[in-house]
Amino acid sequence: MQHKLKSNTTSGWLNGFLGVLIFSGSLPATKVAVMDFDPVFLTVARASLAGLLAIIILFVFKEKRPVSSQLVSLLIVAIGVVVGFPLLTALALQHVTSAHSIVFLGLLPLTTAIFGVWRCGERPRPAFWIFSVVGSLLVIGFASLQDLSASLIGDALMLAAVLVCGLGYAEGAKLSRVLGGWQVICWALLISLPIMLTMTFLFMPNSFANVGISAWISLIYVSLFSMLIGFIFWYRGLAQGGIAAVGQLQLLQPFFGLVLSASLLGESVSLFMVVVTVGIIFCVAGSRKFAR
């Protein structure tokens with residue numbers, strides 16, 4: 001029994017890591033996309049594309065429909081991660097840079113843990129909260145030093161995005177324990193599809209002539225990876241390893257972008273970045289140790 005629990009925890013952290021790795025490209029891709037697309041159109045279009053793919057997946061695997069008692073949770077997931085976070089971040093990124101938005105992503109592990117306690121009854125030990133808060137402060141401090149730009153509207157939108165996303169993560173993880181990880185995001189997308197598809201046509205621009213190839217690629221990325229594939233790993237990870245514990249992996253999300261920039265674009269990584277990253281890894285390890 002203990003071996004099985006340890007195996008599930010390890011699998012949870014691995015799945016959570018893959019989910020965070022996929023999500024790490026979401027904000028930069030959204031920033032590129034809103035340069036050519038209206039934020040509302042981008043939000044409903046990405047949800048529609050992912051929703052259409054979700055229908056195919058559910059049909060192929062012949063999944064049973066959720067019971068009526070699960071519909072409220074699916075609605076919360078849809079509001080939080082299908083509509084709320086994508087729309088609020090797209091609107092915010094018209095006012096702030098993607099680098100500045102990292103300040104608020106540093107709060108996402110903490111809000112996810114708080115909602116995990118509220119919605120799912122998790123009870124991390126006091127030391128967990130110390131590591132979680134310190135890790136959040138490290139990310140916020142690092143991001144603030146990298147980009148000092150500020151916008152009251154942009155900051156308010158990002159704060160709202162983090163709150164609804166944390167709720168959507170916790171609620172989805174709770175439901176994943178009985179419904180399954182990929183099933184949760186697919187059913188949430190399906191519930192949202194009628195409204196999202198209708199709004200896609202209502203907000204569709206008259207012409208796409210001025211939309212660049214980078215914006216189209218970004219739309220495809222946030223539709224398939226950020227909206228669907230990433231959640232398959234993420235919800236499974238949260239359900240297996242614990243919402244509060246695995247949620248701390250999000251602290252590493254901003255630094256995945258730095259690694260990609262260094263390896264693919266030849267951008268330099270400073271000693272300060274390395275030191276902060278080591279501190280973040282230490283906090284994630286500490287959070288894992290005291291999560292239960």
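Which residues does Phe-231 touch, not counting residues up to four places away in sequence? Phe-231 touches Phe-23, Val-81, Tyr-169, Ile-185, Ser-226 and Arg-236, where a contact means heavy atoms within 4.5 Å. The structure is a predicted model, in which local features need pLDDT of at least 70 and side-chain atom pairs count only at pLDDT 80 or more, while totals for chains, interfaces and linings use all residues. Residues are numbered from 1 along each chain as its sequence is written, and side-chain values use heavy atoms, with hydrogens and water left out.

The protein chain holds 13 helices and zero strands, where helices (H or I, at least four residues) and strands (E, at least two) are DSSP runs, numbered from the N terminus. Of its 292 residues, 52% count as buried; buried means under 20% relative accessible area, exposed means over 50%, and partly exposed lies in between (1.4 Å probe, protein chains only). Among contacts between residues at least 6 apart in sequence, 91% join residues at least 24 apart. The accessible surface of the protein chain comes to about 13600 Å², of which 72% belongs to carbon and sulfur atoms; accessible areas come from the Shrake-Rupley method with a 1.4 Å probe, and for residues only the protein chains shown count as cover.

Several single residues show how parts of the chain meet. Thr-30, placed in helix α2 (residues 26–33), is buried, with a relative accessible area of 2%. Leaving out residues up to four places away in sequence, Thr-30 touches Leu-42, Arg-46, Ala-90, Leu-93 and Val-222. Phe-85 is found in helix α4 and counts as buried because its relative accessibility is 15%. Apart from neighbours within four places in sequence, Phe-85 is in contact with Gly-80, Leu-105, Ala-161, Val-164 and Cys-165; moreover, Phe-85 and Leu-157 are 72 residues apart in sequence and 9.4 Å apart in space, C-alpha to C-alpha. Ala-239, which lies in helix α10 (residues 213–241), is in contact with Ala-173, Ser-176 and Arg-177, again leaving aside neighbours within four places in sequence. The C-alpha atoms of Ala-239 and Val-178, 61 residues apart along the chain, are separated by 9.3 Å.

Helix α6 (residues 108–120) has 13 residues and reaches 17 Å from its first C-alpha to its last, close to the 18 Å expected at 1.5 Å a residue; the expected span is 1.5 Å times one less than the number of residues. Its buried residues include Leu-108, Phe-115 and Cys-120, and the helix is followed by Gly-121, whose phi is positive, near 75°.

Side chains of opposite charge can pair when their charged atoms come close. In this model the side chains of Arg-119 and Glu-171 meet in a salt bridge (2.6 Å, N to O), a term for a side-chain nitrogen of Lys or Arg within 4 Å of a carboxyl oxygen of Asp or Glu. The pair links distant parts of the chain, with Arg-119 in helix α6 and Glu-171 in helix α8, 52 residues apart. Arg-119 counts as partly exposed because its relative accessibility is 27%, whereas Glu-171, at 0%, counts as buried.

The last stop is at the surface. Phe-61, in the loop between α3 (39–60) and α4 (71–92), counts as exposed because its relative accessibility is 53%. Together with Ile-56, Phe-59 and Val-60, Phe-61 makes a nonpolar surface patch of about 470 Å²; patches are made of residues with over 30% relative accessible area and no salt bridge, with like charges joined within 9 Å and nonpolar side chains (Val, Leu, Ile, Met, Phe, Trp, Tyr) within 5 Å. Lys-62 lies in the loop between α3 and α4 and is exposed, at 68% relative accessibility. Most residues other than glycine have a negative phi, yet Lys-62 has a positive phi of about 50° although it is not a glycine.
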